[in-house]
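Student: Could you take me through one part of this model in detail? I'd like to look closely at the ligand site.

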Amino acid sequence: MSTMSLEPVRGRTDEMIVNMGPQHPATHGVLRVVLGLEGERITRAVPHIGYLHRNHEKIEEARSYPQVIAYTDRMDYVSGTQNELPFVLAVEDMLGIEVPDRAKKIRTMFFELYRLASHLVWMGTAMLDLGAISPFLYTFWDREIILGIVEKTAGARMLPNYYTFGGVRRDVHPDFFKDTADFLDHMERRMVDYEHLVLESPVVHARTIGVGVLSKERAIARGVSGPVLRASGVAYDVRKAFPYDAYPDVEFEIPTSPDGDTYARFWVRFQEMYQSIRILRQLVELTPKTGPHKGKAPARIKPPAGERYRAVENSRGELGVLVVSDGTDKPYRVKHRGAAFSNLQIVPDLFVGAKFSDSIAILSSLDPVFGEIDR
Amino acid sequence: MEVRMKQERLFDEDVYTVHPEDYRALCERLAAEGYDFPRAISGLDMGYGLRVTLQLTRMKDLAKVTVRTDVPYEDPVVPSVTDLWPGVEWYEREAYDMLGIRFAGHPDLRRILLEDEWALHPLLKRYDTGGYPLPGWEPAPWPDPEPWTPPPPPEPEPEAEGEASEGGEAS
Amino acid sequence: MGLLGSDERPRDIILGTLDDLINMARSRSMWPLTFGIACCAIEMMATWDPKIDADRFGMFFRNTPRQADVMIVSGTVNKKLAKRLRRLYDQMAEPKWVISMGACANQGGPFRQGYSVVEGVDKIVPVDVYIPGCPPRPEALLQALLLLRDKIADRELRYQKPREIPADYDVLAEPGKDGRLPVL
Ligand code: SF4
């Protein structure tokens, strides 16, 4: 088949070509990588994506602006409402919609809850890839608690379609703040367990330290963002660089690591979870318990002709969207800048020279989500 | 060097609309100015031609620029900038896949999301959502003051100065 | 299962049909294939988490189609994936069952009518249980698995209707293969 694109080199008998995916338990979805192997070393790697291409960008041109929000949800399906935000922010910018302060804080709370949920899924599946079953059982239990909190307010677990132009669709459930505070107490205790299970595990050390090192310059030039970039020592975080919603009101740090290896990426995600807990703690206190949850938005969303790019820092990095409007009630073009899409580009860089078994650890440290990569 | 382009300020970004022949020269200049983080390359169907939008960030001071260039449907060739920013490699492949924009000098210009055998560039406006040609679709005429023509009120001369001052700010 | 009871028989003999025995074994060890496709796959993973815990029904994920009995199509199948999905199905050993999970696998879901999406996985493989929802809750998947278990338990071994395998997936290639050629 012509998609193979990794032709055997004539006269070389020592290279074996191995196909991994699209059905592979450790590719986090439907990634296919064609690998050239020399013994256990990877000599060449060609990733193939597109097995989950769902014509997001074309179908969004045929939907009205509020309908598009529901589609953006389905991109990075592990982190729910985080995907809605860039699109909502871009359209709000174009229309000049004011968002009440309380709505911004609620949005940020959901944003950070989903970051925790997403990193929990990452932790469970990454450890599953490394051969450890039990972290998966713990992390999914905690994730269920988050989804329960979200479901009480938004009515759906994973893809709640909750943000809207000017705020959020409905006010939070009366229990929301208490539930969140309880969950944070629970989560802080759990983080100790997770540190033992993951960061301090000798198996994780042996399989990740010094594996898949990504240099700072290479990371920037490749357009990598999120925890993968910060693990290479670049303190770039859209939440600090171009603050949005309630992030200017809260205190948090950007954890970075100079190492750039797989362990550093694990470590940075852990520190991010601590920061999320910290942000949520502040927001539980700061958010007014009553007040408007939605600003004044026109009944028919018709942004003036023009374009706007907005980005947010989702669990995987800079998730951006370029919205082009021609003045009608349907977007002329919606182009998503996927964080995982950019991050996955470094697969050939990191794989080549690594051992075959390390490729699994490297891939899980990138945390790809194919809904957003293939769109 | 003379670069045919229009410069505007949109929200927090500098937007350059540039003649396709000068696109590469402008990109080289921006790379020299220190724009190191490629955010995305997007392809757009403008109705009269295809547009490539390149978005860059400078990590040092978080300045953002957007570079646009328009090419006709008949010959949609744009120079590739993968050697300046390797991170646009997949975005250029995606723009080729979705809209058929060919990036000259791209190391591996294949389809990325669809299969190689497809003949269709589905994001073109001449197709409906299902990928079938829309009956009665006609391309719009090429815009008369070309998109990269600077707006008339400021005289055509200050454009070169604007460029120079832009370069000066960056350094 | 009936006990032919006379007092002389040893008490530990149970008589029944071979069907019952085999079906019991089959329906109590349905092993799904590890094949998560899209958003629904996350809910599929959540079905095996400690809260819902489908493990207790004897269902464990198998990573190779040769060892799997059930394929859970958890997500949008596009035309590029369709051929691979069908190949995986063909590689699974008989008897095999398919659960179509979520609106996308049922009929295309929110992405119906898109140029790359297969409008229903039943165009490629025969489906036994459909689950509505976008995404279905883990409880819904669990119910589907239990429904499938009942369905398997009712099977008769002697006569089996040949399964209707849907048409070849080549018809699902790109738009234009069905006569309406895109002009370029
Ligand atoms: S049915 Fe909904 S949740 Fe499931 S794969 Fe389709 S879009 Fe995702």
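Tutor: The ligand is surrounded by residues from chains A and C, so this is a site shared between chains. A residue is near the ligand if one of its heavy atoms lies within 4 Å of it. By that cut-off 16 residues surround the ligand, and the closest are C:C39, C:C40, C:A103, C:C104 and C:C134.

Before going on, keep in mind that this is a predicted model, where local features need pLDDT of at least 70 and side-chain atom pairs count only at pLDDT 80 or more, while totals for chains, interfaces and linings use all residues. Residues are numbered from 1 along each chain as its sequence is written, chains are lettered from A and ligands numbered from 1 in the order in which they are written, and side-chain values use heavy atoms, with hydrogens and water left out.

Back to the shell: helix 2 (39-47) and helix 4 (102-107) of chain C each put in at least two residues. Helices here are DSSP runs (H or I, at least four residues), numbered from the N terminus. Helix 4 of chain C is the top contributor to the shell, with three residues.
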